[in-house]
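Thank you all for making time this morning. I would like to walk you slowly through one model, moving from its secondary structure to its charged side chains, and I will say what each term means as we reach it.

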Amino acid sequence: MTTRRTRPAPRPPEGTPPRAELARQARVVLADAVRIARWAADGTLPGAPPPAAQALEGAAAALELSPAQVRSGWDRARLAGLVELHGGTARPGWRLRAWDRDDSAVLRGWVALFDAWSLVHPAPDDVEVTAVAETVEAVPQVLSLLQLSAGPVAVPALLDLLEQRVAELHEERCLVPYEPSPEPAVPTPAAHPAALVARLLDWALEGLAAVGALTLGAGHATLTPLGNWAVWVKLEQICVAAQSPAGNIEQSAADMLHGCARLTPGPARDEYRAWLAARPVGSAVAELLAVARGEDALLRGLAFEALRVVGAPAEPEVRSVLDDSSLRPYALLWLAEYEGADPEDAQDVLSREEATWLWVDTAAAVADHGETGLLVRHLDSAVQGTVPALLDEVRAVGHPRTVQVLVALAAAHPDPALAKAVRRAAFQVHTGGV
């Protein structure tokens, strides 16, 4: 029996200001964005981004701001959910309507801006997208160090941590260190990788400062009260997500999926979410696909159920296994549902052979882990419509578990004549006969 393991959610950092004070600080950070959002929500500023030069000049004159301030405030208003774009029209978002009376709405708006810091302060154009993405993924560790330090942290210490985390990401993804390509499409600095990481650290710190999460001094950075609170909120969310109801949070992917085998879909998804929340998404997806490539058909199906919880970040890896005959039917169904197909209609993407292979694979899972009655009922899901047609195509599909599946089905089926036909088919597959 698996023992449930729970972890207490972190407490707010000592000295965290009251919620009302945090909301006041968030209102200060977003003051220009709110002014522009209210002006734009009256229909004065076209909703389609970016605003035209004439609209920017009109907003700047009306609000006594520079065009650059208007453009920046407009972007922040959209990122914070203060305005909603409907075609070419900007409408007030619910946070804007609640801005003066609801501290929670204000703080949620600021957290949305905090999460989008890399959009508020775009990365240098001459840096590869992969390097930028890894920096964004590594920033939470930098923020955690800043919070644990509860005061100024020297930039060299932050750089050491960022370099270490980026190296870990490279190792997880089997990538090589950043190097300028021989013929780059855009100029990239011919610098040592450490210099590039240092440059990206400066960019990240400037972006976080731009949204009010930290302040920059001479060679050091310090979290603001808002930034300190935001990091705590993120840690709390991770701890809540990691409260694994069935205690599988620290298990391998295979053991976690085994633990979910007897759960109904809702609790199983909770387990998947908890397990995924405790791991980098790239390594979690790779581990699930490694399990799917194994011999256990039940775990193969469950692995793709867990990948459905991952969603968009798993799409490239799922697409990459389409050439693997054992995974192709599962990957095709996953991609169809990801692209919006109704689960009941997703089967239409499978060829007859793929559907038959999947039927045998699912039957193998049922034979290994299910009840005999479930295996008999599984006959009804076959696309062939008749048992003789099913047996003909099952024999031809070449699934490695065909014989075991047919033997188990023959032993389970209550109809002696049908059981005999299935047993004969199993013998023919086993002996290579027709």
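Helices (H or I, at least four residues) and strands (E, at least two) are DSSP runs, numbered from the N terminus. Please keep in mind that this is a predicted model, in which local features need pLDDT of at least 70 and side-chain atom pairs count only at pLDDT 80 or more, while totals for chains, interfaces and linings use all residues. Residues are numbered from 1 along each chain as its sequence is written, and side-chain values use heavy atoms, with hydrogens and water left out.

Let me begin with Asp345, which sits in the loop between helix H17 (328-338) and helix H18 (352-369). With a relative accessible area of 46%, Asp345 is partly exposed, where buried means under 20% relative accessible area, exposed over 50%, and partly exposed in between, with a 1.4 Å probe and protein chains only. Together with Asp342, Glu344 and Asp348, Asp345 forms a negative surface patch. A patch of this kind is made of residues with over 30% relative accessible area and no salt bridge, like charges being joined within 9 Å.

Now to the sheet, which is open and has three strands in the order S3-S5-S4, with antiparallel pairing. Its edge strands are S3 (153-154) and S4 (214-216), each of which pairs on one side only. Two strands are said to pair if DSSP finds at least two bridges between them, and S4 and strand S5 (residues 220-223) pair in the antiparallel sense over three bridges. Within that pairing, Thr215 stands opposite Thr222 in S5.

Two loop residues deserve a look at the backbone. Glu64, in the loop between helix H3 (53-63) and helix H4 (67-79), has a phi near 55°, a positive value in a residue other than glycine, and Glu64 is exposed at a relative accessible area of 73%. Ala150, in the loop between helix H8 (129-149) and S3, likewise has a positive phi, near 50°, and with a relative accessible area of 71% Ala150 is exposed.

How many salt bridges does a search of the whole structure find? The search finds 15, a salt bridge being a side-chain nitrogen of Lys or Arg within 4 Å of a carboxyl oxygen of Asp or Glu.

I will take a few of them in turn. Arg78 and Asp75 form one, with the closest N and O atoms 3.7 Å apart, and both residues lie in helix H4, three residues apart, or about one turn of the helix. Arg78 is partly exposed at 33% relative accessibility, and Asp75 is partly exposed at 34%.

In helix H9 (residues 155-173), Glu168 and Arg165 are also three residues apart, about one turn of the helix, and their side chains meet in a salt bridge at 2.9 Å, N to O. Here Glu168 is partly exposed, at 32%, whereas Arg165 is buried, at 10%.

Arg300 and Asp361 meet in a salt bridge at 2.8 Å, N to O. This pair links distant parts of the chain, with Arg300 in helix H15 (residues 297-310) and Asp361 in helix H18, 61 residues apart. Arg300 counts as buried at 5% relative accessibility, and Asp361 counts as buried at 1%.

Finally, Glu305, Arg308 and Glu337 are linked in a network of salt bridges.

Key:
Patches are made of residues with over 30% relative accessible area and no salt bridge: like charges are joined within 9 Å, nonpolar side chains (Val, Leu, Ile, Met, Phe, Trp, Tyr) within 5 Å. Accessible areas come from the Shrake-Rupley method with a 1.4 Å probe; for residues, only the protein chains shown count as cover. Lys and Arg count as positive and Asp and Glu as negative; His and the chain ends are not counted. The place of a charge is taken as NZ of Lys, CZ of Arg, CG of Asp or CD of Glu.
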